[in-house]
Amino acid sequence: MTISTTTAVRVCALDDLVPERGSVALIDGTQVALVRTHEGTVHAIANLDPYSGAQVIARGLVGTRGDVPTITSPMFKQVFDLRTGECLETAGQEPRTLRTWSVTVTDGEVVVG
């Protein structure tokens, strides 16, 4: 599905997202990883791993660092904050961030933008 980021757009139903697993939506030609936590919060981050250049972030391990929801890249194991895209563990590389998008869930529908 391709959607525009100029306005808030429904991407999927909340029930379509499996908790602690990534899914991908195509937004204006950009792959966006959608991650639903066990608490039901949905995060939208770039699917492009800034260290490997591969579209794999949605396949990463979802977890936490303290109270920070995270995803670990399946390529070189960098850990990113799902809320901000900040790299919390660079695995010896220069810090890089993932782009993030705002997400709301209204009446069981996931809206990005």
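A word on the basis before we start. This is a predicted model, where local features need pLDDT of at least 70 and side-chain atom pairs count only at pLDDT 80 or more, while totals for chains, interfaces and linings use all residues. Residues are numbered from 1 along each chain as its sequence is written, and side-chain values use heavy atoms, with hydrogens and water left out.

Let's begin with a hairpin. Strands here are DSSP runs of E with at least two residues, numbered from the N terminus, and two of them pair if DSSP finds at least two bridges between them. Strand β3, residues 22-27, runs antiparallel to strand β4, residues 30-36, and six bridges join them. One of the residues involved is Val24, whose bridge partner in β4 is Ala33. Two residues sit between the strands of this hairpin, and if you look at the turn, you will find Asp28 with a positive phi of about 50°.

Now please turn to the open sheet. Which order do its three strands take? The order is β2-β12-β11, with antiparallel pairing. At the edges are β2 (9-13) and β11 (103-106), each of which pairs on one side only. On average, neighbouring strands of this sheet are turned by 30° against each other, direction ignored; the axes behind that angle are lines fitted to C-alpha atoms, and angles run from 0 to 180 degrees between N-to-C directions. Four bridges connect β11 with strand β12, residues 109-112, and these two run antiparallel. Within that pairing, Thr106 stands opposite Glu109 of β12.

Keep Glu109 in view, please, since it comes up again. The whole structure holds two salt bridges, meaning a side-chain nitrogen of Lys or Arg within 4 Å of a carboxyl oxygen of Asp or Glu. In one of them, the side chains of Glu109 and Arg10 meet at 2.1 Å, N to O. Glu109 belongs to strand β12 and Arg10 to strand β2, so this pair ties together parts that are 99 residues apart in sequence. How accessible are the partners? For that I use relative accessible area: buried is under 20%, exposed is over 50%, and partly exposed is in between, with a 1.4 Å probe and protein chains only. Glu109 is partly exposed at 25%, and Arg10 is partly exposed at 41%.

The other salt bridge joins Asp81 and Arg83, with the closest N and O atoms 3.0 Å apart. Here Asp81 is buried at 4%, whereas Arg83 is partly exposed at 44%.

On to the aromatic rings. How many aromatic pairs does a search of the whole structure find? It finds one. Tyr51 and Phe80 form a tilted pair, 6.3 Å centre to centre with 40° between the planes. The rule is that rings of Phe, Tyr and Trp (its six-membered ring) pair if their centres lie within 6.5 Å, with planes under 30 degrees apart called stacked, over 60 edge-to-face, and the rest tilted. Tyr51 lies in the loop between β5 (42-46) and β6 (61-65), and Phe80 in strand β8, 29 residues apart. Tyr51 is buried at 14%, and Phe80 is buried at 0%.

Last stop: Met75, in the loop between β7 (68-72) and β8 (79-81). Met75 is partly exposed at 37%. Leaving aside neighbours within four places in sequence, Met75 is in contact (heavy atoms within 4.5 Å) with Asp49, Ser52 and Val56. Its C-alpha atom is separated by 9.7 Å from that of Gly53, 22 residues apart along the chain.
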